[in-house]
Amino acid sequence: IPLLQDTDWLATIITTEVYLSLIVGHWIVFDGVRGFRSRLSFKRPTWLQVGLALAVWAAIWTVASLVYLVFRTWTPIHEMGEAILKIGSLYGRLEHASLALMILALAQTIVITPIAEELMFRGALFGWVRTKKGALATIAITAAIFALYHPLVWLWPMGLLLGLGAGWLR
């Protein structure tokens with residue numbers, strides 16, 4: 001298939017398939033939306049909780065941005081920023097992308113991956129660990145695993161902060 005000879009397409013398709021399979025697997029195992037809610041103790045958030053979640057995310061991204069700005073001239077931090085742009089983001093992959101590849105890559109990055117990761121880390125893993133540990137230990141454990149899940153070592157502090165914030169909100 002000529003389309004699959006293009007590594008940008010192939011990487012996007014494989015990544016999308018992996019994350020979609022995680023979502024579908026959770027959907028099957030937990031019996032759809034009702035199963036998610038009951039077995040994972042998901043509750044419909046209030047508008048106040050949604051606002052609080054947005055404030056927590058904004059605070060984490062603000063702190064991370066400030067740290068990056070302060071240390072941006074330090075070689076490891078500068079190299080981390082370059083690596084994130086080239087490896088961990090769509091930068092480069094979308095430079096000469098067709099409209100179809102751009103739509104698939106953006107959908108995968110903005111919608112599919114976050115849903116899959118949240119179901120995995122703040123859903124199933126959080127629920128399982130919570131049956132064995134207290135709330136603070138569960139938040140710390142799932143945040144640490146979430147951070148380590150991301151392959152760039154320089155992303156681990158940001159991943160840990162995001163994991164702690166998401167676990168606390170959960």
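The side chains of E118 and R122 meet in a salt bridge, with 2.8 Å from N to O. By salt bridge I mean a side-chain nitrogen of Lys or Arg within 4 Å of a carboxyl oxygen of Asp or Glu. A search of the whole structure finds one such bridge.

A word on the source. This is a predicted model, where local features need pLDDT of at least 70, side-chain atom pairs count only at pLDDT 80 or more, and totals for chains, interfaces and linings use all residues. Residues are numbered from 1 along each chain as its sequence is written, and side-chain values use heavy atoms, with hydrogens and water left out.

Back to the pair. E118 and R122 both sit in helix α5, four residues apart, about one turn of the helix. Helices here are DSSP runs (H or I, at least four residues), numbered from the N terminus. An α-helix has 3.6 residues a turn, so residues three or four places apart point the same way. E118 counts as partly exposed because its relative accessibility is 31%, while R122 counts as buried because its value is 4%. The cut-offs are under 20% relative accessible area for buried, over 50% for exposed, and partly exposed in between, with a 1.4 Å probe and protein chains only.

Next, helix α6. T138 lies in this helix and counts as buried, because its relative accessibility is 0%. Leaving aside neighbours within four places in sequence, T138 is in contact (heavy atoms within 4.5 Å) with F126, V129, R130 and K133.

Now helix α1. This helix covers residues 7-29, which is 23 residues, and reaches 32 Å from its first C-alpha to its last, close to the 33 Å expected at 1.5 Å a residue. The expected span is 1.5 Å times one less than the number of residues. Which residues of α1 are buried? They are W9, T12, I13, T16, Y19, I23 and H26. Their cover includes α2 (32-39), α5 and α6 (135-149). After α1 comes D31, with a positive phi near 65°.

Last, the second largest pocket, with about 930 Å³ of space. A pocket is an open set of points on a 1 Å grid over the protein atoms alone, where a 1.4 Å probe fits, with protein on both sides within 12 Å along at least five of seven lines; lining residues have an atom within 4 Å of a point. Of the 20 lining residues, the closest to the centre are F42, K43, P45, L169 and R170. Helices α3 (47-71), α5 (99-130) and α7 (156-169) each give two or more residues to the lining.

Note on methods:
Grid points are joined across faces, edges and corners, and a volume is the space filled by probe spheres set on the points.
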